[in-house]
Amino acid sequence: MDGCVSASISRKGAGTPGLRRVDEIGNQVTVGDDMRAPLGGSSADQSAAGLLVAAGTGTGLILFPRAGALPSVWVGSVPAAGLTPDDAAALLGAVRPCSLLPEHGEGWFGRPGLAGHRLGQGAAEPAAGRDWSPLFRPARSSHGGHWARVEAADSTAGLELVTEIEAVSGGAIRARHTLTNRGRRPYVVDSLEVVFPLPGRVGEVLDFTGRQTAERIPQRHRIGDGLWLREGRRGHTGHDSATMVVAGVPGFAFGRGEAYGVHVAWSGNTVHRVERVASGPGVTTIGGGELLLPGEVTLAEGESYATPWVYLAAADDGLDDLSAQFHGYLRSLPAHPRSPRPVNLNVWEAVYFRHDFAKLAALADLAADLGAERYVLDDGWFAGRRSDEAGLGDWQVDEAVWPAGLGQLAGYVRARGMQFGLWIEPEMVNPDSDLYRAHPDWILATGHRRPPLQRHQLVLDLTRPEVSAYLLERISALLTEYPIEYIKWDCNRDIIDAGSGARAGAPSAHQQALAVYALLDELRRRHPDVEWESCAAGGGRIDLGMLERVERVWTSDMTDALARQSIQRWTGQLVPPEYLGAHVSAPFSHQSGRYMPLSLRGATALFGHFGIEWDVTQATPEELAELAAWIQLYQQHRALIHAGRLVRIDTPDDTAWMHGVVAADSSTALMGYVQLDEPGNDQPAALRVPGLDPRRRYQVTDVTPGARPPHRARRPGAADARLPAVQVSGAALARIGLAIPPRRPLTAVVFLIEAT
């Protein structure tokens, strides 16, 4: 089953959930091809046979029923010849059983899958702490070829557990738990996580950290005994998010090595974990879930809590294989962009808050002449917004700046053949705003103090219905009044003291994330022709929960092309190129101050969703001509870039990177070579291209726009011509590769590879 669905929730007296699902608008739909069997018979029983959940090749999960216990699990890549659960059971007979919910009561001495306790009442009961170590017994199961559902209960603790596993398009699997309280007293859920066992040969971990303008910095280390825990506590995904935790055999890389990647599909607080339990006996696991604040999820009788979906991809051939599975899933979603990705012009770095129609119209004229197809008016258009210190929350057009409204600019842009887009930041409010002065209680706070400001703003409490209703009305009014076809939705601060006044200041980060989803979902329903971009001070909210609802993300507020190379390279571990906003910025970066040649700026934007973030009225005629050539190259090949398989070539050092995309039918590839720094030596690099048909012949052509900068000269005046076109086999390109002489730093070359 693909897409985002939520499990049906058992209510007291409502009957047993099993073969039904509830879709996102609450309608029941039948899964189909269901089989139901009790879990927990002897190994000789037919009901105790192992069950494989997989969608062909890709990642598979096998459930092994156990008598009186949750089923144990194996996960791994599925070969083309397939896997037989009975064979796996025979081979794994000596392995310690590990379920998707490790339980302390079964002798698990690592981090438990469920941590919680029951509140008491009256002098005869402890105030808290009961039912803290549940032990679930399986009750029933249902399954189809691509999914399984296991229902279990601890009748003594008064808890029920439903675990769902699904194989999704692209080859990954996902799982989640739903916990229901059947006891009379409230049950506090401290944590509930999905955990997958890994083979002992896995010995190295890759995940990511970062900050604003430097997202997704990779970090690696060996797995040792104990717990590697990555917590995200910023109220949204965060610039320092783990994004994906990858565990693999030592030395795994883009094109080699067994690896397992986990991602928690949630736009709030998260946990990603890798753990090696040394004895008892020992086992290595990977998993994650939502990070819950104290008391945030307290279940009354009959209430349930469902974890976010936790995705797992397994691959035998490195990080690119993992990426292909996540990219395949995203490309299957209803929200995935179906039309060619238009060239964006965003005016932020051209004008900032200095909105002037004549200047903005001049930018529109030049952008249209260059080939831009969408024009985005960024921050500064609404009431009182002459700086970032005021105006957020007052979503009315500033009549002092736009006396005739935005219709004048929108009409002008559309007359030049471009779509019109607009920036908003719905979740935030400035204290210096009419909204805050009228409703100071509409912010997230613990109840007894105002949280500290970040970027002069506070966070609105979207869990309050009146706040979400206000935002829905104001944004819908803008989308109705003006011909807006694109919204850039920003979120420029973290959440501190994420408490709701509607709950006396109790934590509400979980409900806030759900409220953001609900607001965006309703806006999408009301305005189906509008496309949405997720921005959070750049790439601070990039996760599958948000990507299921938008057509684009702003990858980073860093537009320096050299820095963007790394940010885009590693964001691509989860997200395919068509989502990644990548803009050609000014020659001297507004963030770093460095000078970047246009060849590097163009080549960096090419392998994403191409855009412009530059005051092109200041560009020279030569620069405009080269920029137009880069736009034309993008438009010629965006169908390939946005549908092909991402390829990142392993290189001996980081002075040069090679990457690109290969068509699914192996007929075409577009590859880039980027010289990031002074080469370590004069030995030519080998651009080897995997994924081509080894038996076919290919034409390799240098299609880099603009004047050809010289190679790294060995003598004064030496310069080399463009690399000549060659015809070779796919086998030769994969094995030998195209020799590329060392180049000057901060230059790039693009090659088109076409079957003859």
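Reader: Is Ser 666 buried or exposed?
Author: Ser 666 counts as buried, because its relative accessibility is 16%; buried means under 20% relative accessible area, exposed over 50% and partly exposed in between, with a 1.4 Å probe and protein chains only. This is a predicted model, where local features need pLDDT of at least 70, side-chain atom pairs count only at pLDDT 80 or more, and totals for chains, interfaces and linings use all residues. Residues are numbered from 1 along each chain as its sequence is written, and side-chain values use heavy atoms, leaving out hydrogens and water.

Reader: Thanks! Where does Ser 666 lie?
Author: In the loop between strand 36 (656-662) and strand 37 (668-675); strands (E, at least two residues) and helices (H or I, at least four) are DSSP runs, numbered from the N terminus. Ser 666 is not a glycine, yet its phi is positive, near 65°.

Reader: And what about the phi of His 456?
Author: Positive too, about 65°, and His 456 is not a glycine. His 456 counts as partly exposed because its relative accessibility is 33%.

Reader: Switching to rings, how many aromatic pairs are there?
Author: The structure holds 16, where rings of Phe, Tyr and Trp (its six-membered ring) pair if their centres lie within 6.5 Å; planes under 30 degrees apart are stacked, over 60 edge-to-face and the rest tilted. Trp 442 and Tyr 470 form a tilted pair, because their planes are at 55°, with centres 6.0 Å apart.

Reader: Which parts does that pair tie together?
Author: Trp 442 is in the loop between helix 6 and strand 27 and Tyr 470 in helix 7 (residues 465-481), so the pair ties together parts 28 residues apart in sequence.
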